Amino acid sequence: MALARVFVLQNPKSSIMSGNSLLFLPNVLKVYLENGQTKAFKFDNTTTVKDIVLTLKDKLSIRAIEYFALVLEQQYSITKLLLLHEDELIQKVVQKKDSHDYRCLFRVCFIPRDPVDMLQDDPSAFEYLFLQVRETPSIIVLGTSCRSVLLLR
């Protein structure tokens, strides 16, 4: 596995690299979590998206990692999410033309068929899914005619 050390940022708004929401420092990727925390990962030219996801898996004690991915969220339009492929190099992600307009999120991107199975098999993954559903506006997830009660059924 390539280099992917994690740091917890106490005050992510005071980023030294405030012009780029993906970077905390040069070669340090910021990843936003659903619980409000921000993790920072040192990367090199061989670090992949999968390396970051697997490091987060260990740090968050998640076993059912197949539901999770890193996504880029456009800062000024929370309806635009770009799913990052697990083999994509982090170095290439942060060098993209408009990367400064995005922030990196760790999200449940693949919903389990039966969330009860997820709860039984991996309570940490289920809790993360619950936080994400609770924090994501229902209008983005299911459209304007959605009731919040339906999100948890």
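Reader: What makes strand 7 mostly covered?

Author: Six of the seven residues of strand 7 (residues 102–108) are buried. Buried means under 20% relative accessible area, exposed means over 50%, and partly exposed is in between (1.4 Å probe, protein chains only). Bear in mind that this is a predicted model, where local features need pLDDT of at least 70, side-chain atom pairs count only at pLDDT 80 or more, and totals for chains, interfaces and linings use all residues. Residues are numbered from 1 along each chain as its sequence is written, and side-chain values use heavy atoms, with hydrogens and water left out.

Reader: How do you know that strand 5 and strand 7 pair?

Author: Two strands pair if DSSP finds at least two bridges between them. Strand 5 and strand 7 have seven, in the antiparallel sense, so they pass that test. As for the word strand, helices (H or I, at least four residues) and strands (E, at least two) are DSSP runs, numbered from the N terminus.

Reader: And what makes strand 3 and strand 7 a pair?

Author: Strand 3 and strand 7 are joined by two bridges, in the parallel sense, and at least two is what pairing asks for. Val 31 has Cys 104 as its bridge partner in strand 7. In strand 4, the partner of Val 31 is Lys 39. Strand 3 (residues 28–32) and strand 4 pair in the antiparallel sense, over five bridges. Five residues sit between the strands of this hairpin, and Gly 36 takes a positive phi near 95° there.

Reader: Why is strand 4 called largely enclosed?

Author: Four of the five residues of strand 4 (residues 38–42) are buried, so the rest of the structure largely encloses it.

Reader: Why is Asn 27 called partly exposed?

Author: Asn 27 has 34% relative accessibility, so it counts as partly exposed. Asn 27 lies in the loop between strand 2 (23–25) and strand 3. Although not a glycine, Asn 27 has a positive phi of about 65°.

Reader: What about Ser 61, what is its relative accessible area?

Author: Ser 61 comes to 47%, so it is partly exposed too. Ser 61 is placed in the loop between helix 1 and strand 5, and has a positive phi of about 55° although it is not a glycine.

Reader: Which residues of helix 4 are buried, and how do you know whether they lie on the same side or on opposite sides?

Author: The buried residues of helix 4 (residues 123–135) are Ala 125, Tyr 128, Leu 129, Leu 131 and Gln 132. They cover an arc of only 160° around the axis, so they sit on the same side of helix 4. That arc is taken from the directions from the helix axis to the C-beta atoms.

Reader: What makes the open space here a pocket and not a cavity?

Author: On a 1 Å grid over the protein atoms alone, a cavity is a set of points where a 1.4 Å probe fits but cannot get out, while a pocket is an open set with protein on both sides within 12 Å along at least five of seven lines; lining residues have an atom within 4 Å of a point. The second largest pocket holds about 200 Å³ of space. It is lined by 13 residues, and the closest to its centre are Val 53, Ile 65, Phe 68, Ala 69 and Glu 86. Helix 1 gives the most to this lining, with four residues.

Conventions:
Grid points are joined across faces, edges and corners, and a volume is the space filled by probe spheres set on the points. The expected span of a helix is 1.5 Å times one less than its number of residues.
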